[in-house]
Amino acid sequence: MPPPANARRAPGPPDGGWGWVGGFGAFISIGFAYAFPKGVAIFFKEIQDFFGTSYSEVAWVSSIMLATTYGAGPISSILVNRYGSRPVVMFGGLLCGIGMVSAAFCTSIMQLYICVGFITGLGLALNLQPSVIMIGKYFLKRRPIANGLAMAGSPVMLCTLAPLNQFLLDSFGWRGSFLILGAILMNCCVAGALFRPIGPGTASVKTLVPEEGKDALKQEVTEGAMEMSSPMNRPMRNKTEEDEERDCCEKINQYLDFSLFKHRGFLIYLIGNVLMFLGFFAPIIFLAPYAKHIGIDEYSAAFLLSILAIVDIVARPTTGIIANSKWVRPRIQYFFSFSIAFNGTCHLLCPLASSYAGLIVYSIFFGLAFGMVCAMLFETLMDLVGAVRFTSAVGLVTIAECCTILLGPPIGGTLIDTFGDYKYMFIKCGVVMVLAGTFLFIMNYYNYRMLAKEEKERKAKEEDPKSVRTETEGRNNWTKETTQDGPELELLRAEQEGLKKEANGTSEV
Amino acid sequence: MWEQKGRDPAMTTDDASSQSQANSLTNMKNGLNESFPEPMTTTQIFSWRTQGSPSDHVTLGHEVSVPGPDLATKESKQTSSQSVTSVQYKLLLPGASGTSVETTVSLDRVVEVELTCILDKKYSHLKSFQVIWKRGNDTISHTNKTDNSWSINVTVSDSSKLGSYSCTLKGEQQLSGIFHLQVPKIGRKEKPTITYLGDTAVMNCECPGYTAISWTWYMTNGSKQITINESLLADKYVISKKSANITQLKILKLTKEDDGEYWCEAAFELGKSKGKLELKVLSFMVPLKPFVAIVIEVIVLVALIVAYEVYSKKKEKCAEAEKEFDQIEHLKSEDSGLESSRARQRRI
C-alpha cells in the first residue's frame, strides 16, 4: 500500500498552469511601470511650448515619476504584506488612471508634477513591486524563465508606447492624450485581476492529511508558511516566541522586514546594485545625443535606440532560459555579476566607436547586456532571500536604488558639460559597472561558500537521531536558518529529500 | 568633433541641393537633457555630411574646403569701421548633376555680399572658357580672384537687390552655379496644434539666428486675412515677444471660430517672410469617446476574469468535496497500517 506521500507533501508554487497567465499580467504591469516614464517624454515639447517653461523643468516630470516609482517601493511592500498582491495592483492601476486623467486638466507645470509625477508614479510603484512578487509566488523551478519573460514587458511596452504616444499627440493634443493614456493605464487593473492568490486554497487539503512523521509536518507547515504571505501564520509564530520584548519589532517586521539588513546575501545584493545603478541608465539617455554629436542625423540616432530595444526584447527571455538551465541556476549570482561586468565593458569600449557602424555594434551589445541584467535583476534577489521575504526585500532595495538611479544621469551630464566630451561619461559608467560586477562576483563567491558550510552544519544536526524537536523548535530553527541560507535551494533540496523518503517508504511496504 | 565658437547671428546657408544631408548640432550645454530641435523652425544648420563620413565640418569663422561638389562654404568677416557686415559665399563647380549647382543664401539685414564661383581642380584641364555673372538678364562685371575662381560684390541694401545670381562657365562644357539671395524663411509647423474649447492656444513663430524688426500675426477668416491686434479683442489675444527671434501668440477662451490657419509675418530690413500655422479646436467629446471605450473594455475584462475565477473555484470545490470524502475513508482504513510503517522508519 503506498502511503499518501503525494498528498502530504504540500504543492510548491504552480510553476505552470495559471502561473503563465499571472506571468502575462506581470508582463503588462512591469511593462507599464518601466516604459511609461520614458514614453511620456514624447509630450514634453508640446508641454514646454504650452506652459512656456524650459526643457529641464518639463523633464522633471519624468524624473519625479521615476523617483516615486522606485521610492514608493516600501509602501508597496507593506501593502502587499498586508493585503496581498491583487488588490494592490488593481488599486495601483486605478491610481494611475486617476493621475493621468487629472493631468489632462492641469493648468500649471506644478500640477503636472503632482498628477503625472507623484500620483501616476505611485500607481506605477503599486504595479511594479507586486508583479515581481507574484512571479516569485507562482514559479520556483521555472522562475528565471518567468522573470525573463515578465521583464521583457518593459522594452515591448516602450516600443508600443512611443509610436502610440506620437499618434495620440498628433490626433488629440497633449490633453486628450493624457486622458486616453489614463484609460490605457487602467488596463493594469486587468493585469492585477489575473493575479489569483495562491495558498489559502491549498491549506484546506493539507489539514486533512495525517502526519507521516515530525519532519514531514515541519516541512509541510513551513512550506505553507512560505507560500502564504499573509500574516495569518505569523501570529502563530509570535505566540510561540518566548521573548516578549521582540514583539513590537516582530510587528514592524510583519509589514516590512527590516531584519533583512542582517541577511548577508541581501546586503551584498543591495551594495552591488546600488553601485551598478549609478552607471546603468545614463548611457541610454545620452546615446542619441552622442550619436548626433559625432555627426549622425536624428533619425539614424533614433534608430540606434530601436536596435537596442529590439535586441533587449530578445535578450531578456533568452537570458531567463539560460539562467534556468541546470548549469547556471545554482550559480546564477555569478551569471548576474558577469552580465553587469559585460555591460560595463561595452561602455568602456564605446568611445572607440566613432562611426555609425561602430555605434550600431555598440547598440547591439549594449541591448544584449542591458537585457541580461534586467532579466536577472529580481531573480537574483529572489534567489538570495526567498519568496517570502522578497516582498519586503524588493521594497527596501528599490528605495535604496532610487537615489543612484536619479543621480546617474545628472552626474553623466555634468561630466559631459565639464569636459565637453561624451567619452568621460561612458568611461565613468563602464568603470562603475565593472566595479559593481567584480564586487558582486567576489562577495557571492564568499556567500556561496558560507552557505555551503552552513548547509553542512545543518545536515549534521539533522542526522542526529537524539534531537527530537517540537513543532515550534523546529520552526524556530528553520526560520533562523532561513535568515542565512538560500531558502530556494533548501526548498528544491527538500523536495528531493521528500522523494527519497517516499522511496524508502515504498521499499519498506 | 567640433565646437560652436561664437555664433554670427546674421547669416547661415541653406543648401537646397537634394544630395546633401543637414545635421542639427546639439548644444552640449544642454547635454543633460535629451536634445530636441527648436520649435517649428529649422535648427541652425552648421554641418553637412559628405558621403557618409562626418569627417569634415564647417565652422563659422573658418574657411574649410569640403569635398563633394554640391556644397557651399561661407566666411564672414566683421569690418571694424562700419556696422555693415561683409560676407562671402562660395560655390564649388561643377555640381553633382554635372552642370549646375544651387544654394540659398538667407539675409535679414543690409550686408555686402561677395559671391564666388570656384572651379574644381579636377576640371582645370578646361582651357578656353568664358565666365559670365548674371542676375536675370543683366550681366554683372566680375573680378578674377584667382586662376579658377571668379567673384562679384553685391551690396544688398534693400529687397530689390535680392534674387538669383548666377555664374556661368561657357566652354567645352557649360557649368553654372546659382546663388538665391532671399529673406530667411520661417520654419513652418507641419502638424496642426490641437487644442480644446475653452482652453488656451499657444503658438510660437521663430527665425533662429536672424533678428526680425517686427512681427505681425494674421488670421484667415474665409478668404480674408485679418491682422490680429491686441486691440481687436483685448482679453482674447496676447502677443508677446519672447526673445529677439521668437514671437508668441496666445489665444484665450477658445471657441470653434478660432479654428483655422494663422500666419506670422516677420519684417526684416530686406523684406517680409511668412510662416503658416494651423490650429484645430476640438470639443472634449472627441477624446472622451476612446476613453470611455477603453474604460468599458477594462471593466468588462475584469468582470470576465473574476467571473471565470468564481466559476472555476466552484467546480474545484465540488470536485474537492468528493475527493476529500474519498480520502477520509481511505485514510481511516490505513491508520493502523501507517503506525507500524512509521515505527519501522524510526528504527531506520
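This is a predicted model: local features need pLDDT of at least 70, side-chain atom pairs count only at pLDDT 80 or more; totals for chains, interfaces and linings use all residues.
**View 1. Packing of helices α18 and α19 in chain A**

Helix α18 of chain A covers residues 332–349, and helix α19 of chain A covers residues 356–419. Two packed helices are described by the angle between their axes and the distance between the axes. For α18(A) and α19(A), the angle is about 150 degrees and the axes lie 8 Å apart. Because angles over 145 degrees count as roughly antiparallel, α18(A) is roughly antiparallel to α19(A). The crossing of α18(A) and α19(A) is left-handed. The contact of α18(A) with α19(A) involves 18 nonpolar, 5 polar and 2 charged residues.

**View 2. The buried helix α8 of chain A**

Helix α8 of chain A runs over residues 143–151. Of its 9 residues, 8 are buried, so α8(A) is largely enclosed by the rest of the structure. Among the buried residues of α8(A) are Arg143(A), Pro144(A), Ile145(A) and Ala146(A). Further along α8(A), Asn147(A), Gly148(A), Ala150(A) and Met151(A) are buried too.

**View 3. An open sheet of 3 strands in chain B**

The strand order in this sheet of chain B is β15-β19-β18, and the pairing is antiparallel. β15 (201–206) and β18 (237–243) of chain B are the edge strands, each pairing on one side only. From one strand to the next, the twist averages 20 degrees. Strand β19 of chain B, residues 246–251, pairs with β15(B) in the antiparallel sense over 6 bridges. Ile251(B) in β19(B) stands opposite Ala201(B).

Note on methods. Residues are numbered from 1 along each chain as its sequence is written. Chains are lettered from A and ligands numbered from 1 in the order in which they are written. Side-chain values use heavy atoms; hydrogens and water are left out. Axes are lines fitted to C-alpha atoms, for helices over the stretch in contact, and angles run from 0 to 180 degrees between N-to-C directions. Helices (H or I, at least four residues) and strands (E, at least two) are DSSP runs, numbered from the N terminus. Angles under 35 degrees count as roughly parallel, over 145 as roughly antiparallel, 65 to 115 as roughly perpendicular and the rest as oblique. A crossing is left-handed if the near helix is turned anticlockwise from the far one by less than a right angle, and right-handed if clockwise. Ala, Val, Leu, Ile, Met, Phe, Trp, Tyr, Cys and Pro count as nonpolar, Asp, Glu, Lys and Arg as charged, and the others, Gly among them, as polar. Buried means under 20% relative accessible area, exposed over 50%, partly exposed in between (1.4 Å probe, protein chains only). Two strands pair if DSSP finds at least two bridges between them.
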